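Welcome to a short tour of a protein model. Have the viewer open as you read, and follow along from one element to the next.

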Amino acid sequence: MSYYKIENLEQYFKHYKKSIREPRKFWGKIAEENFVWYQVWDKVFEFDMEESKFQWFVNGKLNIVKNCIDRHLAKRGDKPAIIFEPNNPEEEAQTITYNDLYNRVCKMANVLKDQGVKKGDRVCIYLPMIPDLAISMLACARIGAIHSVIFAGFSASAISKRVNDCGCKFVITSDGSFRGNKTIPLKPIVDEALESCPEVEKVLLVNRTGADVNMQEGRDLWLAPLLEEANSNHVAQVMDAEDPLFILYTSGSTGAPKGMVHTTAGYMVQTAYSFRNVFDYKEEDIFWCTADCGWITGHSYIIYGPLLNGATTVMFEGVPSYPTPSRFWDIIDKYKVTQFYTAPTAIRSLMTEDYSYVNNHDLSSLRVIGSVGEPINEEAWHWYNDHVGKKRCPIVDTWWQTETGSILVSPLPFITPTKPTYATLPLPGIQAVLMDEKRNEIEDNQIDGSLCVKFPWPSMARTIWGNHERYQETYFSQFPGKYFTGDGALRDEVGYYRITGRADDVVIVSGHNLGTAPIEDAINEHHAVAESAVVGYKHDIKGNALYGFITLKVEGETRDRENLRKEINQYISSHIGPIAKLDKIQFVESLPKTRSGKIMRRILRSISNGETKEFGDISTLINPEVIDSIINGKI
């Protein structure tokens, strides 16, 4: 029996049981049968929970890029590997075959080596969603350098923090980027950042917009002429299974962002495995994930997961609203996309547009549609199911994190019966548990608690760069012997998991544990509401009370606010119960969101408690200006 592809529900349960009872055999067989190794491992895994140290495929030798590209050339050399759809639909798209990708990655690898990049060096990549970003990541991995992609919308301050934290000597960027109807200069931002980054030796520059830029002599070099001269052959570096592959920063609630370290073999095996099963990948499919490679979703499900499976992956530079709100549907129609993976924020935004934007397109090629980034509310789930999936494409509502490396909980399409707002069942190998406030494992269903994982999995982050103590404290101290996800979850009567929000978004009101996600779902069903975020704040009598920050659709803007507040609380009362009604409701123009679309609720929590100065790391916010408008707004 091959464990790599699950074909039906009975097989899922068989694989799941095998993965729990015999994890060494389960993961060892997947790794051995589906990947190319220079040297097979001594042990499938070993770990020390007390020290939070984990190793997978111990002493195995490999190169992930050899598995992403080289091994496909004989059979799939002329197959499209990456389809690049530029921001402007009038600009010509690019189709990069596996042969093309091999040549371009080898050339880039040789350029990096010629510029002095060595195995173990950190290379920060600050590029828009263009093929050079994927090629730079893969070239780093090919030579054994550790890539750290920084989202090309971050400020100079955010860049310098990340560059200095990881001790980066090399930066790859571009003159600028196109986003919607804007041209954004990137090189000046990098120049400003590097004023406080003395260790950086070289900046390699992609010409994307044709803008005039300042070039610092001895440091800055245009990439195009270097690539023209470079050799198109390169022998992939032999890497140890536990050599770091990349560092990806995720914001901490206080202090500096956390540089999560992902290593080579375990990440490769589980990312490829999850891609194959969660998206029901077949050989001729066209897969599109709308994320940015500045986030883990882009790493795992635009680059590594698809390419490890020899898939065709779409890379989109633009935004869903440009030049019209039909852009997503244009692209699906144009390329006959079979799997579409996007964020609830994008779905909610597109829901507010005229339905003709989506309904006037041929979406019949779609087979699987997915959701990622935060729990999807019920209204958005049904709209996505009805208008995009046409009630025939299963929705894979995936739960995972930067720290987990790959999807951990998700329906399997055409296998797991779906249920709106539920991520359903853990994938094989994932021992999910719920914990109560006394640190006891919850055995019953229809109970909520803190979501933990009680056994290691291959793609888990190994540490925080330069700060293993913070890694231990953040993820393994609250529930000793278990990885604490930081999320609260509900398990229903059949064992399906529903993420109820960050664990600190489970508010105890008058002794009742209230997850904020279901309350937000109820609010969002009101016809005047566009989006909401609910947090707890300190209350003299109840201990905690609930505070709602709400944005309105156009039809809600002119409504009497007091009546709206009453109606919203009536919705909550009828959907959940009077105990969940909001004590305070503030209507706001927008909510503070990270660039991956998550609402940064800890900022709202601070504001609701009267704290208006210290918000920790806000470098991932796309709209920091809204903080002041919310603070100055009236309830």
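This is a predicted model: local features need pLDDT of at least 70, side-chain atom pairs count only at pLDDT 80 or more; totals for chains, interfaces and linings use all residues.

Let us begin with a length check: at 1.5 Å a residue, the 13 residues of α1 should span 18 Å, and the end C-alpha atoms of α1 are 18 Å apart, which agrees. Viewed down the axis of α1, the buried residues fall within an arc of 135 degrees, so they line one face of the helix. Those buried residues are Gln11, Tyr12, His15, Tyr16 and Ser19. On the other side of α1, Glu10 and Arg21 are exposed.

Which element gives the largest share of the lining of the second largest pocket? That is α1, with five residues. The lining comprises 20 residues in total, and Tyr16, Pro426, Ala432, Gly495 and Tyr497 are the ones that lie nearest the centre of the pocket. Tyr16 is also one of the buried residues of α1. Both α1 (9-21) and β21 (432-435) supply at least two residues each to this lining. The space in the second largest pocket comes to about 390 Å³. Sorted by class, its lining holds 12 nonpolar, three polar and five charged residues.

## Enclosed space

The largest cavity has a volume of about 60 Å³. Lining this cavity are Arg348, Met351, Thr352, Asn377, Glu379, Asn524, Val529, Ala530 and Lys553. Two or more of the lining residues come from each of α13 (344-351) and β28 (529-539). By class, the lining of the largest cavity is made up of three nonpolar, three polar and three charged residues.

The domain assignment divides the chain into domain 1 (9-319 + 394-490) and domain 2 (510-633). Taken over C-alpha atoms, the centres of domain 1 and domain 2 are separated by 32 Å.

Helix α12 covers residues 327-335, and its buried residues are Arg327, Phe328, Trp329, Ile331, Ile332 and Tyr335. The backbone on either side of α12 deserves a look. In the loop between β17 (312-316) and α12 sits proline 323. The peptide bond from tyrosine 322 to proline 323 is cis, with omega near 0 degrees. After α12 comes lysine 336, which has a positive phi, near 55 degrees.

## Two loop residues with positive phi

Threonine 424 and arginine 439 make a handy pair to set side by side. Phi of threonine 424 is near 70 degrees, a positive value in a residue other than glycine. Arginine 439 likewise has a positive phi near 70 degrees, and it too is a residue other than glycine. Where are they placed along the chain? Threonine 424 is in the loop between β20 (395-397) and β21, while arginine 439 is in the loop between β21 and β22 (447-453).

Are they buried or exposed? Threonine 424 is buried, with a relative accessible area of 0%. Arginine 439 is partly exposed, with a relative accessible area of 49%, a value that falls under the 50% cut-off for exposed residues.

Glutamate 520 lies in helix α17 (residues 516-524), whereas glutamate 589 is in the loop between β30 (584-587) and α20 (601-608). Glutamate 520 is buried, at a relative accessible area of 7%, and glutamate 589 is exposed, at 77%.

| Pair | Separation along the chain | C-alpha to C-alpha distance |
|---|---|---|
| Glutamate 520 and isoleucine 572 | 52 residues | 8.6 Å |
| Glutamate 589 and isoleucine 550 | 39 residues | 8.2 Å |

Terms used: Residues are numbered from 1 along each chain as its sequence is written. Side-chain values use heavy atoms; hydrogens and water are left out. Buried means under 20% relative accessible area, exposed over 50%, partly exposed in between (1.4 Å probe, protein chains only). Helices (H or I, at least four residues) and strands (E, at least two) are DSSP runs, numbered from the N terminus. On a 1 Å grid over the protein atoms alone, a cavity is a set of points where a 1.4 Å probe fits but cannot get out, and a pocket is an open set with protein on both sides within 12 Å along at least five of seven lines; lining residues have an atom within 4 Å of a point. Grid points are joined across faces, edges and corners, and a volume is the space filled by probe spheres set on the points. Ala, Val, Leu, Ile, Met, Phe, Trp, Tyr, Cys and Pro count as nonpolar, Asp, Glu, Lys and Arg as charged, and the others, Gly among them, as polar. Domain bounds come from an automatic or database domain assignment. The expected span of a helix is 1.5 Å times one less than its number of residues. The arc is that of the directions from the helix axis to the C-beta atoms.
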